Amino acid sequence: MIETDILIIGAGPCGLFTVFEAGLLKLRCHLIDALPQAGGQLTEIYPKKPIYDIPGFPEVLAGDLIDHLMKQAEPFKPGFTLGERAESFEKTEDGKFIVTTSRGTKHIAPVVAIAGGLGSFEPRKPPISNITDFEDKGIEYIVRDPNFYKGKNVVISGGGDSALDWSVFLASGVAESVTLIHRSKSFRGHPDSVQKVIDMSNSGKITLLTDAEVVGVNGTDKLASITVQAQDGSTSEINTDHWLPLFGLSPKLGPLSEWGLNIDKNSIEVNTFDYSTNVDGIYAIGDINTYPGKLKLILCGFHEATLMVQSAFKRIYPDKNYVLKYTTVNGVTGF
Amino acid sequence: MDNIVNITVVDREGVEHQLEAPTDMNMNMMELCKSYELPVEGTCGGMAMCATCHMYILSDHDILERNDDEESMLDQAFFVKSNSRLGCQIHIAPELEGLKVQLAQV
């Protein structure tokens with residue numbers, strides 16, 4: 001069981017800055033994030049995009065901002081549970097929360113701060129009605145272990161980097177056969193990867209089907225074949241052991257919507273006094289919360305995080321006196 | 001009114017909405033839909049990186065040229081047709097008077 005003072009769900013900018021502000025109050029933090037790296041949208045969606053409205057930074061790349069926030073949080077030694085989604089919570093008799101992730105990792109803390117942005121990033125699933133019947137029975141949205149595909153016939157869909165890179169990798173002596181299906185003729189992944197796929201298609205290592213789309217999945221207890229539709233509307237069936245639809249990730253509120261929190265249009269309602277939710281001890285900050293006048297801006301999330309940790313401190317140490325200290329006076333003393 | 005174009009948006013239930021779009025506020029179609037509280041998420045904020053503002057151009061306006069970022073995102077989206085665009089990449093301009101679009105399924 002991982003123990004901490006503030007358990008932060010979401011390791012985006014807002015969650016990371018919480019570590020710093022909590023650290024000034026000598027509170028320890030641990031962050032859970034569904035993505036395998038910290039940074040949330042900033043590292044996952046737009047690491048190379050400049051941001052112009054961070055006070056004091058006329059211009060900063062999203063990825064660089066995360067690097068700075070990690071450095072700022074570093075003295076306070078935050079813990080991370082990455083690549084796992086916060087799934088459920090239970091309350092202990094002494095008012096603490098036990099939060100369990102999708103992989104069963106348990107965390108205990110007196111305060112939970114949800115800084116989940118738009119939710120957790122989950123694979124985009126093609127709109128095929130019976131697709132869920134074959135999930136983990138031949139259809140996988142993420143390649144966890146490439147050796148799993150050793151000697152198997154694999155079909156990959158998608159035109160981005162992950163579709164291209166896995167096609168190349170699995171066709172290099174891992175899978176028995178690799179077919180890459182893409183909706184258009186042009187690929188927009190990294191030029192090197194595109195060239196490799198074309199070369200391997202020419203040498204017969206990858207079967208390339210462009211202007212085509214998988215429209216059906218078939219089988220009894222596991223995937224047996226897929227139905228492919230060409231641009232002219234004609235369909236054909238391809239027998240395969242696996243189909244990997246690799247269409248990127250999109251954020252979903254997911255299990256948090258079942259936590260008994262008041263939700264308005266996919267956002268968690270909070271009290272602007274301290275960004276507390278309707279569940280005592282659970283706070284929500286950043287893009288995931290809503291209140292009258294809410295603006296989904298990183299800088300507003302920083303402010304929310306700062307006020308939130310003051311309230312968290314009072315909840316954890318109701319009898320301890322505390323006054324706000326300035327970092328200019330006292331500097332930053334880490335753990 | 002000055003600096004206003006009239007745009008029709010058909011939502012996912014087939015209901016038509018008549019919107020008045022300002023041409024002087026540096027807005028795009030995704031933002032316009034959001035300002036009318038139509039069900040357009042605009043998850044990425046308008047960087048052509050999420051396809052939650054995917055829409056079809058129904059009227060005969062000459063705005064089908066997609067930029068590279070947009071093409072690349074539409075490559076990963078679903079229900080893409082030849083008249084697909086990302087709303088966030090359509091800048092509200094006087095030429096859009098009378099534009100009619102339909103929100104794509106998500």
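Colleague: Before we start, how should I read the labels and the confidence limits?

Modeller: Residues count from 1 along each chain as its sequence is written, while chains are lettered from A and ligands numbered from 1 in the order in which they are written. This is a predicted model, where local features need pLDDT of at least 70, side-chain atom pairs count only at pLDDT 80 or more, and totals for chains, interfaces and linings use all residues.

Colleague: Let's take chain B. How many helices and strands does chain B have?

Modeller: Helices (H or I, at least four residues) and strands (E, at least two) are DSSP runs, numbered from the N terminus. Chain B has 2 helices and 5 strands, and from the N terminus on they run β-β-α-β-α-β-β. The radius of gyration, taken over C-alpha atoms, can be set against the globule rule, 2.2 Å times the number of residues to the power 0.38. For chain B the radius is 12 Å, close to the 13 Å that the rule gives for 106 residues, so chain B is as compact as a globular protein of that length. Along the principal axes, its C-alpha atoms fill a box of roughly 40 × 30 × 25 Å.

Colleague: What share of chain B counts as buried?

Modeller: A residue is buried if 20 or more other C-beta atoms lie within 10 Å of its own, exposed if 12 or fewer, and partly exposed in between, with C-beta atoms placed from the backbone. Of the 106 residues of chain B, 37% are buried. Asp68(B), found in helix 2 (residues 68–74) of chain B, is exposed, with 9 other C-beta atoms within 10 Å. Asp68(B) and Pro22(B) lie 46 residues apart in sequence and 26 Å apart in space, C-alpha to C-alpha.

Colleague: And how many residues does each chain give to the contact between A and B?

Modeller: Two residues are in contact if their C-beta atoms, placed from the backbone, lie within 7 Å. Chain A gives 16 residues and chain B gives 12. For classes, Ala, Val, Leu, Ile, Met, Phe, Trp, Tyr, Cys and Pro count as nonpolar, Asp, Glu, Lys and Arg as charged, and the others, Gly among them, as polar. The side of chain A that touches chain B has 7 nonpolar, 6 polar and 3 charged residues.

Colleague: Which residues of strand 9 are covered, and which are uncovered?

Modeller: In a regular strand the side chains alternate between the two faces of the sheet. In strand 9 (residues 106–109) of chain A, His107(A) and Ala109(A) form the covered face, and Lys106(A) and Ile108(A) the uncovered one. His107(A) is the bridge partner of Ile2(A) and stands opposite Val99(A). The hairpin of strands 8 and 9 has 4 residues between them, and Gly104(A) in its turn has a positive phi of about 85 degrees.

Colleague: How many buried residues does strand 17 of chain A have?

Modeller: Strand 17 (residues 235–239) is hardly covered, with a count of 0 among its 5 residues. In chain A it belongs to an open antiparallel sheet of 3 strands in the order 15-16-17, where strand 15 (212–219) and strand 17 are the edge strands. Strand 16 (residues 223–230) and strand 17 share 5 bridges, with Thr227(A) partnered by Glu237(A) and Ile226(A) by Ile238(A). In their hairpin, Gly233(A) takes a positive phi near 95 degrees.

Colleague: Where are buried residues found in helix 4 of chain A?

Modeller: In helix 4 (residues 161–170), Ser162(A), Ala163(A), Leu164(A), Trp166(A), Ser167(A) and Leu170(A) are buried. Their cover includes strand 12 (153–157) and helix 5 (191–202) of chain A.

Conventions
Two strands pair if DSSP finds at least two bridges between them.
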